[in-house]
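This report describes a single protein model for a reader who works with coordinates. It begins with helix packing and then turns to the core, the domains and the backbone.

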Amino acid sequence: MEITYPFAKVFTDSTNKLNVFFLHDSQHITFEQIGDIGTGIVDFCEFDFSELQEKIKALETVEVTNANFDDMKKVYWNTVDLLKEKHSYIHFFLNGDLLRNFYNADRSEYDKASYANFLFQCYINLQAAYAEALEFCLSNEILPEYTLPERYVMFCNLYPGFTQHTLRSMYGIAPVANGRFDTSKLISFNDPDEVDTRKVLQNIHRDSEHSVSMWQYFAIQSLEEMFYLEFMEMIKRGIRIKRCGLCDRYFVLADKRKRDYCDRIYEVKRTCKQIGAKQKFNQSVEQDSFLQEFQRIYNRMYSRYYRMDAWDSDRQTNKLTEDEFKAWADVASKARQEYKRGKISGEEMLARVRLD
Ligand SMILES: [Zn+2]
């Protein structure tokens with residue numbers, strides 16, 4: 001499939017950042033180093049889409065006419081704009097999807113409206129799929145008896161479609177030296193005629209280990225492609241995730257340092273890390289016997305649902321159905337959240353999750 005604007009060129013290097021050129025159109029390019037790897041996908045999975053979902057749901061019942069189509073479009077654009085400052089790249093790709101849809105001359109207005117609804121449903125599905133993939137393959141607390149390669153292979157066995165993803169890869173000259181992208185050598189210009197190409201090339205190649213500083217990059221056009229790339233880089237590098245001891249949301253363990261809390265804002269201007277460290281008097285979440293017991297129960301249910309005792313066997317033999325597990329996990333995660341926020345006691349949390 002042909003690549004159309006807007007799209008992104010993503011270079012990976014030896015650092016834990018993604019080097020991304022956002023090509024908004026043929027004239028406008030912005031560059032950003034996005035990190036730490038994994039944060040983009042984890043933040044998406046922890047994002048609360050309910051406000052957006054309600055807006056879109058309200059549209060689904062509206063009959064599309066010439067008179068109201070422009071108003072409908074406005075709702076979609078406004079909905080996407082809600083994400084603008086909240087995530088490093090979601091807005092860029094959603095915006096691109098909407099542009100390609102609304103400016104598609106082959107689609108009727110009715111088709112455009114239903115395709116826009118379809119897109120939003122895809123994002124919601126994508127969120128559920130990656131939340132599951134992250135927990136299964138990279139969570140620190142789940143499936144501790146298996147290695148990361150085993151967990152990845154088990155996940156692919158459960159969802160064979162996951163291994164069918166393809167990404168488009170291309171080559172381009174880029175300032176990479178000693179395995180790192182050198183941002184100081186990036187040039188910005190308003191008029192390409194003013195660029196001294198010879199000088200630019202000399203500068204780029206000065207520290208390069210290659211005859212031509214040629215690097216492979218990924219041409220990414222959709223959110224799904226971007227998530228797949230970021231997820232695979234997490235898997236490749238073994239980047240783990242952990243639940244925050246205070247807000248209970250997942251965060252990325254960017255390095256080997258021991259961390260219990262995330263950097264998200266918990267209360268006015270104060271992060272979980274700032275508050276959590278004080279509240280628990282530096283007592284580690286791992287030392288909390290209620291949470292330890294909770295995790296033991298959770299892992300037992302998790303293994304029953306995924307049939308870890310026979311992971312290569314037929315999925316039909318699950319002792320817990322998907323609905324049963326999801327309903328239980330929902331109750332469990334609410335109980336854990338309330339406990340961490342100090343709203344219920346440890347006994348109360350465990351009472352809610354015990355089946356017997
Ligand atoms: Zn937190």
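## Helix packing around H5

Helix H5 and helix H6 (residues 148-158) pack at an angle of about 145°, with their axes 8 Å apart; axes here are lines fitted to C-alpha atoms, for helices over the stretch in contact, and angles run from 0 to 180 degrees between N-to-C directions. Helices (H or I, at least four residues) and strands (E, at least two) are DSSP runs, numbered from the N terminus. The model is a predicted one, in which local features need pLDDT of at least 70 and side-chain atom pairs count only at pLDDT 80 or more, while totals for chains, interfaces and linings use all residues. Residues are numbered from 1 along each chain as its sequence is written.

On the H5 side, Ala133, Phe136 and Cys137 meet Arg151, Tyr152 and Phe155 of H6, where two residues are in contact if their C-beta atoms, placed from the backbone, lie within 7 Å. By class, this contact of H5 with H6 holds five nonpolar residues, no polar ones and one charged; Ala, Val, Leu, Ile, Met, Phe, Trp, Tyr, Cys and Pro count as nonpolar, Asp, Glu, Lys and Arg as charged, and the others, Gly among them, as polar.

H5 also packs with helix H8 (residues 223-237), at an angle of about 5° and with the axes 12 Å apart. The two helices are therefore roughly parallel to each other, a label given to angles under 35 degrees, whereas those over 145 count as roughly antiparallel, 65 to 115 as roughly perpendicular and the rest as oblique. Tyr123, Leu126, Tyr130, Ala133, Cys137 and Leu138 of H5 make this contact with Leu223, Glu224, Phe227, Phe231, Met234 and Ile235 of H8, and the residues involved divide into eleven nonpolar, no polar and one charged.

## Nonpolar core

The largest nonpolar core has 49 residues, and those with the most contacts inside it are Val42 and Leu134. Such a core is a set of buried Ala, Val, Leu, Ile, Met, Phe, Trp, Tyr and Cys residues joined through C-beta atoms within 7 Å. Helix H5 (residues 109-138) supplies the largest share of this core, eight residues. When residues up to four places away in sequence are not counted, Val42 touches Leu134, Ile241, Tyr250, Phe251 and Val252.

Of the 356 residues of the protein, 23% count as buried, that is, with 20 or more other C-beta atoms within 10 Å of their own; a residue is exposed with 12 or fewer and partly exposed in between, C-beta atoms being placed from the backbone.

## Domains

The domain assignment gives domain 1 (1-256) and domain 2 (288-353), with bounds that come from an automatic or database assignment. Their C-alpha centres lie 31 Å apart, and seven residues of domain 1 are in contact with eight residues of domain 2.

## Backbone details

Two peptide bonds are cis: the one from Tyr5 to Pro6, with omega near -10°, and the one from Gly35 to Asp36, with omega near -15°. Pro6 lies in the segment before strand E1 (7-12), and Asp36 in the loop between strand E3 (29-35) and helix H1 (39-45).

Asn178, although not a glycine, has a positive phi of about 50°; because it has 10 C-beta neighbours inside 10 Å, Asn178 counts as exposed.
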